[in-house]
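Have the viewer open as you read.

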Amino acid sequence: MHPNALELLAARVGEQLLQRDERLALAESCTGGWVAQCVTAIAGSSRWFDRGFVTYSNAAKMEMLGVDPATLSTHGAVSEATALAMADGALAHSPADWAIAISGIAGPEGGTPAKPVGTVCFAWAHRDGRRDATTQHFAGDREAVRAASVASAFGGLLERCATLSA
């Protein structure tokens, strides 16, 4: 996906959040801050973006977001349980209304038969207690997996905003 297309998605997210008078926090692992980069490429994003956490290591997930070590040992870093804990932690450590969390295996190494390269777990959480997670499998090289993850993170938040507005 072209970087401009990702920034257009970020701008759409910003429009939705501004209409709702809400703010966003991010908890990123395999995307390494790419979601935040797309957000901050949008002029005026400070009106709807609060902060981002890049928690690449398990230690960072525990220290910065409060992810329980038992969650990591039971489910692994790349799991819906961990993504939900990351999103919850981003909300707990910020005044944001929404949090997006992403943890995955971008490759080219690191995959297993149970969690092959391209496996990415997402979570979206709202301050009102709504939260959910999903796992997706993306094809392609490291950059393609990461770009698809950024697009899915934005797309998932847009879907959830639409559901809350309906």
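## Ground rules

Buried here means under 20% relative accessible area, with exposed set at over 50% and partly exposed in between (1.4 Å probe, protein chains only). Helices (H or I, at least four residues) and strands (E, at least two) are DSSP runs, numbered from the N terminus.

This is a predicted model, where local features need pLDDT of at least 70 and side-chain atom pairs count only at pLDDT 80 or more, while totals for chains, interfaces and linings use all residues. Residues are numbered from 1 along each chain as its sequence is written, and side-chain values use heavy atoms, with hydrogens and water left out.

## Helix 3 and its buried face

Which residues of helix 3 are buried? They're Ala60, Lys61 and Leu65. Looking down the axis of helix 3, these buried residues fall within an arc of 105 degrees (taken from the directions from the helix axis to the C-beta atoms), so they line one face of the helix. They pack against strand 1, strand 2, helix 4 (69-75), helix 5 (80-92) and strand 3. Just after helix 3, Gly66 has a positive phi of about 75 degrees.

Thr55 sits in the loop between strand 2 (49-54) and helix 3, and is buried at a relative accessible area of 0%. Setting aside neighbours within four places in sequence, its contacts (heavy atoms within 4.5 Å) include Ala60, Lys61 and Leu65, along with Glu28 and Met86.

## Strand 3

Strand 3 is mostly covered, with 7 of its 7 residues buried. Trp98, Ile100, Ile102 and Gly104 point one way, and Ala99, Ala101 and Ser103 the other.

Two strands count as paired if DSSP finds at least two bridges between them. Strand 3 pairs with strand 1 (residues 24-28) in the parallel sense over 5 bridges, and runs antiparallel to strand 4 (residues 119-126), joined by 7 bridges.

## The largest pocket

On a 1 Å grid over the protein atoms alone, a pocket is an open set of points where a 1.4 Å probe fits, with protein on both sides within 12 Å along at least five of seven lines; lining residues have an atom within 4 Å of a point. The largest one has a volume of about 280 Å³. Of the 18 residues lining it, Tyr56, Val78, Gly104, Ile105 and Ala106 are the closest to its centre. Helix 3 (58-65) and strand 3 (98-104) each supply at least two lining residues.

Definitions and conventions: Grid points are joined across faces, edges and corners, and a volume is the space filled by probe spheres set on the points.
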